[in-house]
Amino acid sequence: MSSEPIVNGGVQIHQSRRLPDFLQSVNLKYVKLGYHCLITHLLTLCSVPLMAVVVIQASQMNPDDIHHLWLQLQYNLVSVIIFSAVIVFGSTVYIMTRPRSVYLVDYSCYKPPSHLQVRFQQFMEHSKLTGDFDESSLEFQRKILERSGLGGETYVPEAMHYLPPRPSMAAAREEAEQVIFGALDNLFANTNVKPKDIGILVVNCSLFNPTPSLSAMIVNKYKLRGNIRSFNLGGMGCSAGVIAVDLAKEMLQVHGNAYAVVVSTENITQNWYFGNKKSMLIPNCLFRVGGAAVLLSNKSLDRRRAKYKLVHVVRTHRGADDKAFRCVYQEQDDTGKTGVSLSKDLMAIAGGALKTNITTLGPLVLPLSEQLLFFATLVAKKLFNAKVKPYIPDFKLAFDHFCIHAGGRAVIDELEKNLQLLPVHVEASRMTLHRFGNTSSSSIWYELAYTEAKGRMQKGNRVWQIAFGSGFKCNSAVWEALQNVKPSLHSPWEDCIDRYPVETVA
């Protein structure tokens with residue numbers, strides 16, 4: 001390469017005439033998009049020449065050729081009949097044995113009354129006046145609140161607004177009734193479905209499991225029919241909402257032409273911790289009142305009005321590992337006060353559960369282009385001992401929207417980083433955490449409602465709901481929008497969506 005001098009202030013500077021560094025100048029994002037497009041449409045591109053040859057050959061046939069072909073078919077009538085019979089039989093078997101489609105007709109998220117809202121200053125003053133917390137615990141809670149990502153409009157139950165608090169069984173039942181009945185009343189009103197039409201009921205609430213059960217409470221309130229298949233899931237943590245959907249899906253495979261209602265909630269009243277153990281104080285700062293009711297159907301006629309179709313459910317359970325089993329653990333502290341302890345290993349364990357879950361989910365949802373890249377890097381690493389970084393599949397090519405359980409700011413941050421998501425992909429999770437706090441298993445429904453309220457859900461879009469819970473579990477549900485989805489009446493974001501997104505504390 002030659003160079004020529006340039007005079008700059010009397011000083012000669014030699015500028016090299018080198019070719020531009022195309023590796024740096026070309027935006028690799030577009031290269032990857034081009035590769036993705038090529039692999040996705042590879043079959044189509046290969047079939048075009050084949051179809052062209054068939055068309056050319058057909059156009060060259062004369063009437064004698066067509067007559068000769070017809071005679072051959074007549075002589076082989078038995079073969080044609082057998083072939084047709086096999087096709088008809090195979091089609092019938094496929095139609096009879098294929099899984100029933102499960103549709104999400106609508107859902108409703110409970111919005112508590114405004115007098116149950118709690119602001120940071122009110123929370124801290126109230127905690128101090130109870131007399132149960134020492135100065136160190138109060139300061140710890142203040143720091144957690146400041147960094148939590150929660151706003152000043154989250155809700156705590158009525159019993160926690162009294163001084164002293166009144167965490168009685170009656171108050172816990174009252175909280176459960178307000179949340180569950182509030183969500184169900186709105187769901188039945190929006191869908192015009194009569195409670196008597198419900199054939200399957202699944203309720204999940206981790207920490208409050210009275211007798212009779214919460215599912216029995218719903219049957220009694222709405223006078224559901226006597227042969228209803230009802231289930232009450234307890235102790236399964238924040239990921240139980242996806243487990244409840246999976247159970248309802250399995251029941252809908254067995255019972256045709258049926259409606260299933262899934263109710264996901266958590267109860268705060270009797271599970272507030274009044275001690276000074278740091279690991280057990282965190283839930284006080286994060287968990288808030290909330291709940292959701294979901295109407296599922298396997299009726300083909302409901303496809304027209306349904307919002308979504310259930311595509312996949314993938315569940316991962318790490319309970320065989322002792323650390324994973326104990327990382328979210330309800331226990332008593334040294335003074336005998338009960339609470340839920342969160343381990344310092346929680347994020348690492350959640351990461352391991354997520355890795356296992358997406359390893360199963362990936363082949364089901366990722367385009368072929370991403371699977372080939374992942375397989376190539378895996379082969380290079382295993383066979384050639386190459387120092388190749390593990391390839392992280394681009395899940396943005398598989399999903400349009402992400403509903404990451406709003407368990408806390410750290411959870412959302414880690415998934416945004418590890419899955420290489422953009423801020424807009426985690427906006428629904430951050431804003432749900434800010435406006436409603438951690439509502440446990442129902443948080444993924446508040447996030448879906450946020451996306452709808454923003455007008456972002458278009459027909460054909462795919463949604464990934466992912467939740468983590470005690471045990472330790474990581475569960476995923478994949479939905480496909482069947483229409484341009486609009487928010488339902490009395491959405492929890494109805495009166496505040498214009499204020500969001502807001503800046504949250506980093």
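This briefing walks through the fold of a single chain, from its overall make-up to a few local details. The model is predicted. The chain holds 17 helices and 15 strands, and buried residues account for 45% of its 506 residues. Among contacts with a separation of 6 or more, 78% link residues 24 or more positions apart.

- Nine strands form an open sheet: its 9 strands come in the order 7-6-8-9-3-10-15-14-13, and the pairing is mixed.
- At the edges sit strand 7 (229-233) and strand 13 (401-404), each of which pairs on one side only.
- From one strand to the next, the twist averages 20°.
- As a reminder, strands of a sheet pair through backbone hydrogen bonds, in either a parallel or an antiparallel sense.

**Strand pairs to look at**

- For a parallel example, take strand 6 (residues 198-204) and strand 8 (residues 259-265), which pair over 6 bridges.
- Strand 3 and strand 10 run antiparallel and are joined by 2 bridges.
- Here L104 stands opposite Y308 in strand 10.
- Strand 10 also runs antiparallel to strand 15, with 9 bridges joining the two.
- A bridge to pick out here is that of T316, whose partner in strand 15 is C474.

**Helices across the sheet**

- Helix 13 (residues 346-365) lies across strand 10 (308-317), strand 14 (462-469) and strand 15 (473-481).
- The direction of helix 13 is at about 140° to strand 10.
- Helix 17 (residues 443-453) lies across strand 3 (103-109), strand 9 (291-297), strand 10, strand 13, strand 14 and strand 15.
- Relative to strand 3, helix 17 runs at about 100°.

**The nonpolar core**

- The largest nonpolar core has 130 residues, and those touching the most other members are L184, I218, L296, Y308, W445 and W479.
- Helix 8 (residues 169-191) supplies the largest share of this core, with 10 residues.

**Helix 15 and helix 16**

- How do the axes of helix 15 (residues 409-418) and helix 16 (residues 427-436) cross? They come within 10 Å and cross at roughly 175°.
- Helix 15 is therefore roughly antiparallel to helix 16.
- On the helix 15 side the contact is made by R409, I412, D413 and E416, and on the helix 16 side by S429, R430 and L433.
- By type, the residues of this contact are 2 nonpolar, 1 polar and 4 charged.
- Is S429 buried or exposed? S429 lies in helix 16, and it is buried, with a relative accessible area of 0%.
- Beyond its neighbours within four places in sequence, S429 is in contact with F402, C403, I404, A406, I412 and E447.

- Most residues other than glycine have a negative phi, and most peptide bonds are trans. The following spots are the ones to check against that background.
- The peptide bond from T211 to P212 is cis, with omega near -5°.
- P212 sits in the loop between strand 6 and helix 9 (214-222).
- G471 and F472 are also joined by a cis peptide bond, with omega about 5°.
- The loop that holds F472 is the one between strand 14 and strand 15.
- Q420 has a positive phi, near 55°, and is a residue other than glycine.
- You will find Q420 in the loop between helix 15 and helix 16.
- Q420 counts as partly exposed because its relative accessibility is 44%, which falls between the limits of 20% and 50%.
- H490 likewise is not a glycine, and its phi is positive at about 60°.
- H490 belongs to the segment after strand 15, and it is exposed, with a relative accessible area of 53%.

Note on methods
Residues numbered from 1 in each chain as written. Predicted model: local features only at pLDDT ≥ 70, side-chain atom pairs only at ≥ 80, totals over all residues. Heavy atoms only, no water. Core = buried A, V, L, I, M, F, W, Y, C linked by side-chain atoms within 4.5 Å. Buried < 20%, exposed > 50% of the residue type's maximum accessible area, 1.4 Å probe, protein only. Helix = DSSP H or I, 4+ residues; strand = E, 2+ residues; numbered from the N terminus. Pairing = 2+ DSSP bridges. Axes fitted to C-alpha atoms, helices over the stretch in contact; angles between N-to-C directions. Contact = heavy atoms within 4.5 Å. Parallel < 35°, antiparallel > 145°, perpendicular 65-115°, else oblique. Nonpolar A, V, L, I, M, F, W, Y, C, P; charged D, E, K, R; others polar.
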